[in-house]
Amino acid sequence: MKGLYCRAADKGAEPKFVIQETRLPEVLGSHVVRVQVKACGLSPLDVQLLDDVGLLRDLIPVGREVSGVVLQVGDKVSSFQAEDEVVGILPLDSSCSGLCEVIDIDEHYLVQKPEKLSSVCVAGAIRDGLCAYTALHTHARMAAGHTLLVLDGASSFGLMCIQLAGYHGVKVLTTSRSPEQHAFLEQLRPGVGVQDPLVARVIPSDLLPAVLEETGGLGVDIVVDSGVSLQEEEEENRPPHKHDIISVLGVGGHWVTSHRDLQLDPPDCRSLNLKSASVTFLNHEVWTASSAQQGRYLHILKDIVEKMSAGVLRPRPEAAVPLYEATVAMETVQRGQKTKAVVQL
């Protein structure tokens with residue numbers, strides 16, 4: 001059986017993705033589920049994170065968002081049985097590549113897949129759903145009546161945030177990076193007779209005046225970014241500057257950032273202090289890196305797939321690539337030319 005792995009490269013060098021022969025143990029662990037993979041999502045490999053937590057190896061398994069059918073279960077598995085359709089995210093320390101035909105995974109990383117959801121759809125969207133849920137529920141504690149600013153709302157993660165917030169009665173403002181994205185987001189705005197629009201307004205590049213106008217000068221309760229500029233730059237389509245984001249926050253606001261190297265200067269901290277606002281770092285990997293909140297993590301995964309099945313969360317369709325194109329697809333994702341890919345096995 002073969003899987004896709006990343007051969008760790010020197011710092012600054014581009015990682016190499018290789019097909020490697022692998023083998024599963026003959027005896028199944030007590031809480032382990034053996035799954036035949038139907039689809040696998042590919043997202044950028046964070047080599048720095050693996051190094052930071054001591055999990056960097058010569059060969060790093062690639063493809064962690066998986067959907068498939070249960071073949072066999074360990075003697076103490078209580079949640080699943082053979083023929084069940086499941087979905088989950090392989091933990092950081094997994095030795096299996098999600099692109100293997102068959103994988104072993106602990107039952108505490110899996111949930112049942114609703115029958116009406118396709119394997120390709122759920123494997124491609126489960127990671128974005130987890131990030132959106134973590135940002136809005138776990139970190140920002142969103143509630144009906146809040147105002148949310150989603151930066152880059154047309155991205156797969158941004159769209160999940162918009163839909164999840166709209167379901168909970170949150171007023172959503174968002175930004176776009178291109179005319180095509182702007183047109184897509186405008187479709188989510190209210191039409192005649194629509195009482196509950198997903199997007200109240202698509203904010204132009206001049207962030208602060210537009211947000212203050214829309215909120216009556218009060219600012220927003222929550223900002224979720226997909227990157228932020230630390231320096232004043234004149235580049236086209238650059239992310240908003242950190243000062244602009246802090247300026248649009250209202251009193252007691254929450255800024256959830258994906259920028260892991262964010263640096264705040266004393267004036268920035270003073271502005272946050274005056275507003276009693278907070279900054280939270282979004283790192284969805286903590287759910288599988290620690291077992292401290294495993295029950296909560298499974299509840300989140302279950303809620304995500306149920307909302308996808310009910311049509312509350314509607315990810316943009318992702319065309320699946322065949323297994324023989326997985327290496328090229330992963331190289332494209334790792335270079336940043338695409339944010340993700342889905343492989344159908």
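The model is predicted, so local features need pLDDT of at least 70 and side-chain atom pairs count only at pLDDT 80 or more, while totals for chains, interfaces and linings use all residues. Residues are numbered from 1 along each chain as its sequence is written, and side-chain values use heavy atoms, with hydrogens and water left out. The protein chain has 10 helices and 16 strands. These are DSSP runs numbered from the N terminus: helices are H or I with at least four residues, strands are E with at least two.

**Overall build**

- A compact globule of 345 residues would have a radius of gyration near 20 Å, and the 21 Å of the protein chain agrees. The radius is taken over C-alpha atoms, and the globule rule is 2.2 Å times the number of residues to the power 0.38.
- The C-alpha trace spans about 65 × 50 × 40 Å along its principal axes.
- Of the 345 residues, 49% count as buried. Buried means under 20% relative accessible area, exposed over 50%, and partly exposed in between (1.4 Å probe, protein chains only).
- Take the contacts between residues at least 6 apart in sequence: 71% of them join residues at least 24 apart. A contact means heavy atoms within 4.5 Å.

**Charge**

- The protein chain carries 31 positive and 44 negative side chains. Lys and Arg count as positive, Asp and Glu as negative; His and the chain ends are not counted.
- The centres of the two sets lie 2 Å apart. Each charge is placed at NZ of Lys, CZ of Arg, CG of Asp or CD of Glu.

**Helix H3**

- H3 runs over residues 156-167 and has 12 residues. From first C-alpha to last it reaches 17 Å, close to the 16 Å expected at 1.5 Å a residue. The expected span is 1.5 Å times one less than the number of residues.
- H3 is largely enclosed by the rest of the structure, because 9 of its 12 residues are buried. Among them are Phe157, Leu159, Met160 and Ile162.
- The packing partners of these buried residues include helix H2 (119-139), strand S10 (171-175) and helix H9 (294-310).
- Just after H3, Gly169 takes a positive phi of about 75°.

**Two loop residues with positive phi**

- Glu83 is in the loop between strand S5 (65-73) and strand S6 (85-89). Its phi is near 80°, a positive value in a residue other than glycine. Glu83 counts as exposed, at 63% relative accessibility.
- Ser276 is in the loop between helix H7 (266-275) and strand S14 (278-281). Its phi is near 55°, again positive in a residue other than glycine. Ser276 is exposed, with a relative accessible area of 56%.
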